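Here's a walk through a two-chain model, taken piece by piece. Have the structure open and follow along.

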Amino acid sequence: MPIRDKTVEIKTSPHLKKTVSVDQIMRNVVGALLPVCCWSVYQFGISVLLLLLVTTLSCILTESLFCRLSQRPNSIGDFSVIITGLLLALTLPPGFPLWMAALAGFIGVGLGKSLFGGLGYNVMNPALVGRAFVQAAFPVAITTWTPAFAPGRFSEFIPSSLALPFMSPVDTADWVRERAVDGFTGATPLALQKFHHIAADSMDLLTGAVAGSAGETSAILILVCGLYLVFRKMMSWRIPAGIFLGAGMTSLPFYLLSPEIYPSPLFVLLSGGLMLGAVFMATDMVASPMTPAGLWLYGLFIGFLTVVIRLFGGLAEGVMYAILIANVVSPMIADVTQSRVYGASAKRRRS
Amino acid sequence: MDVHKFFSRVKTFSHGIHPDAHKEETAHKTIRRTPFSPEIYVLLSQHRGAPARVIVKPGQEVVRGEPIAEAGGHVSVPMHAPVTGVVRAIDMLVPTVEGPKAEAIAIETYAAATQEVLYGEQRDISQMTPEELVQAVQASGMVGLGGAAFPSHVKLLPPEGRRIETLIINGCECEPYLTCDHRVMLEQTDRLIVGIRLLLRATGATNAIIGIEDNKMDAVAALNAALVGERRIRCEVVETKYPHGAEKMLITTLLNREVPSGGIPADIGLAVYNVGTVAQLGDLIPQGRGLIERVVTISGPGVKKPGNYLVPIGTPLHFLMQHVGSSMQASEVIVGGPMMGMTVASLDVPITKGVSGIVVLEKVKSNGGRQQVYPCIKCGECLSACPLHLNPSMLGQLAGIREYQVMAEQYNLDDCFECGCCSYVCPSNIPLTQYFRIAKSIVREARMAS
């Protein structure tokens, strides 16, 4: 064939492309979440396994439904909705009634993501929107904790998991007493500290041998999984760093003033959902700023808010609301932290 | 980032990307001459500015090196016959890289001619005044050989009230695949230095800095050896990073100064020349000759004999492709580098003065080469890639809702020079660079209309 007759393709520059795509990033985040999920299942048993399946399925179905309603191509293939499902389960108590969890998934993805236009357009982290909804709707269920490493956790469900919709909540107190875990009070380390000023052992907080939401207990595991994403350059390290710094710096003066009432900065960092929130929730790219300065500011703001809510709010835990508020403020942070354009004079206003 | 680079602190600019260089295929290949094509098409507008004016007639015999068109104004250059032959036609004969056919002088090559350059006279450039040098540079038909094709003599005459103090000689060659500047620095070191001295004289600049990326240390060594005792010219090693060859980036790296938004290097007392251009000037001006051929890197997975070739201006692409051979899967023929070059629709396009490379890419096997486009997830990769610190994410979203004026007025669209970094890194595969190209042309049209 003469070379002149060869068919050539016309494309626009650049003709080279880095080979990292959105679905790859999302798949890696799912991968990084799996060890946390596995540890949680090991800790709390088949109830958490079912909880993870129910929230994920609920989120996937919700996204499919909204895609169909709005006549958009189905977007579950980008894996972002699976992250939402897994994260949602990890923020719930292990024995959370499954029907409520399914509802949380529906609200989170439907109200928090799909109604805004799907991936890339959500204002807040969808998983946290779902959790905030059930926190408001089912205040008892969301604060009913069960002990970790309960005997027989792989053969039977925590009774509250299988509660029927809108029936009176199942009391787990008897079940917990039967399991006879020494000294289990049904309170998380955070609540114990806040209301009784009993600080948990840092080692237990690191490994996760404490009560709490399904996936928030082992700080060290979450940190390791987060580091994996940071090294793959699929997560901003500045956000968690900013949160740790913000939370530490805000809590330090109080701790120094009266260590018997206020928690130590180390306790603040390791307890509750701070680690899970800082590593996996606040780093949701869509709802966070983009410039390095913006990321730092956003992180510091979350850290500060978390401690303020924890110390002075009515709730023991403040990470969720701190992140949701920061999500909403994020566009404003982005606006004031725009980098100076090359060659532009400093005076000219750009935003 | 390599650990040793972090500690050695090679000079660099902020942001930018590190695409695979693909330079090993051609970097060691000495410059070889290609055969003369039986027909040559010299486009009259192959530089920025006014087209050249034809001074030959169809049927007229021309000698290699003879002027065949004169400059069509101040920002314009003459053309010289790349081969000895006969003018066959002057008309809208061949397509250009941009697409539509354009006016060209077609020359039928005399197969038996020696193709020795007989035209031109030796002169002593050290005796020439700056004004004479500027005239000589224009008469040589020289334009920026790095790809911009801006007439070289125009940059020698800065605007009123400006003075060129320092010359920046650009030896970065940051585009993947391309190695022609690398070879020129190695093989034409002396010409390059003659050219720099000539430019120093013509501009009255006090010194010149040659900026070279640290993947061409052999070129740095060759230049340093040739520059022993030369106090006004020095070599600087800069990090291998795209787009280091963009003049704004190189200036910032070398001098830690910024070209003002919307301005030119002359605004801060600088003129930037590509090494290929300077070496060519160092060869042509002392001999009183015109630009008739240039070094072109022909490379890429679709090329069988990649290398650096000395190609007469006006050689059709199909002739070159026949010479170097192409694979069956070859699908994209890019004129220029793969980051900023353009694909051609037809292989009848002739080589012009600004063509530094031809890169032939093969069909991408998976998914028919098409990537799924996702919505912007605000990952911020484009912000940390953009060498001008623009906000491509925001610009892309504004382009999506056709807010072109807002893009230009509030988000510095005009500063974008389409380097392609944002599109390269975007995990959502959003064609940002193409959006900005379209937006810029729409804004330009709107400005012309008002």
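## The antiparallel sheet of chain B

Ala89(B) has Ala106(B) as its bridge partner in β8(B). That pair belongs to a run of nine bridges that joins β7 (residues 85-95) to β8 (residues 101-109) of chain B in the antiparallel sense. Keep in mind that this is a predicted model.

Zoom out a bit and the two strands turn up in an open sheet of four, ordered β2-β8-β7-β4 in chain B, with antiparallel pairing. At the edges sit β2 (39-43) and β4 (61-62) of chain B, each with pairing on one side only.

## The parallel sheet and its helices

Chain B also has an open sheet with parallel pairing, again made of four strands, and here the order is β11-β10-β9-β12. Its edge strands are β11 (233-238) and β12 (270-274) of chain B, and the twist from one strand to the next averages 25 degrees. Inside that order, β9 (residues 166-171) and β10 (residues 207-213) of chain B share six bridges in the parallel sense. If you want one to click on, Leu167(B) is bridged to Ala208(B) in β10(B).

Two helices go with this sheet. Helix α6 (residues 217-226) of chain B packs on it and touches β9, β10 and β11 of chain B, pointing at about 165 degrees to the direction of β11(B). Helix α5 (residues 189-203) of chain B lies across β9, β10, β11 and β12 of chain B, and runs at about 150 degrees to β9(B).

Is β17 (residues 357-362) of chain B mostly covered or mostly open? Mostly covered: five of its six residues are buried.

The strand pairs in both senses. With β13 (residues 293-299) of chain B, β17(B) makes three bridges in the parallel sense, and there Ser299(B) stands opposite Val359(B). With β15(B), the pairing of β17(B) is antiparallel and covers five bridges; here Val335(B) has Ile358(B) as its bridge partner.

## A covered helix, α10

Helix α10 (residues 392-400) of chain B is another mostly covered element, with seven of its nine residues buried. The buried set is Pro392(B), Ser393(B), Met394(B), Leu395(B), Gly396(B), Leu398(B) and Ala399(B). Among the elements that cover these residues are α11 (404-410), α12 and α13 of chain B.

Just past the end of α10(B), have a look at the backbone of Arg402(B): its phi is positive, at about 60 degrees.

## Where the chains meet

The contact between the chains draws 53 residues from chain B and 36 from chain A. On the chain B side, the elements that give two or more residues are α9 (317-324), β15 (330-335), β16 (342-343), α12 (421-425) and α13 (432-449). Which of them gives the largest share? That's β15(B), with four residues, and β15(B) is also the antiparallel partner of β17(B).

By class, the side of chain B that touches chain A has 28 nonpolar, 20 polar and five charged residues.

## Two domains in chain A

Over in chain A, the domain assignment gives domain 1 (21-144 + 146-181) and domain 2 (187-337). Their C-alpha centres are 20 Å apart, and 32 residues of domain 1 of chain A are in contact with 29 residues of domain 2 of chain A.

On the domain 1 side of that contact, α1 (22-44), α2, α3 (80-91) and α5 (126-137) of chain A each supply at least two residues. The biggest contributor is α1(A), with 12 residues. By class, this side comes out as 24 nonpolar, seven polar and one charged.

## Helix α2 against α4

Helix α2 (residues 46-69) of chain A also packs with α4 (residues 98-112) of chain A, at an angle of about 35 degrees and with the axes 8 Å apart. The crossing is right-handed.

For a quick tour of the contact, the α2(A) side includes Leu50(A), Leu51(A), Val54(A) and Phe66(A), and the α4(A) side includes Ala101(A), Gly105(A), Phe106(A) and Val109(A). By class, the contact of α2(A) with α4(A) has 11 nonpolar, six polar and one charged residues. Glu63(A) is one of the residues on the α2(A) side.

Key: Residues are numbered from 1 along each chain as its sequence is written. Chains are lettered from A and ligands numbered from 1 in the order in which they are written. This is a predicted model: local features need pLDDT of at least 70, side-chain atom pairs count only at pLDDT 80 or more; totals for chains, interfaces and linings use all residues. Axes are lines fitted to C-alpha atoms, for helices over the stretch in contact, and angles run from 0 to 180 degrees between N-to-C directions. A crossing is left-handed if the near helix is turned anticlockwise from the far one by less than a right angle, and right-handed if clockwise. Two residues are in contact if their C-beta atoms, placed from the backbone, lie within 7 Å. Ala, Val, Leu, Ile, Met, Phe, Trp, Tyr, Cys and Pro count as nonpolar, Asp, Glu, Lys and Arg as charged, and the others, Gly among them, as polar. Two strands pair if DSSP finds at least two bridges between them. Domain bounds come from an automatic or database domain assignment. A residue is buried if 20 or more other C-beta atoms lie within 10 Å of its own, exposed if 12 or fewer, and partly exposed in between; C-beta atoms are placed from the backbone.
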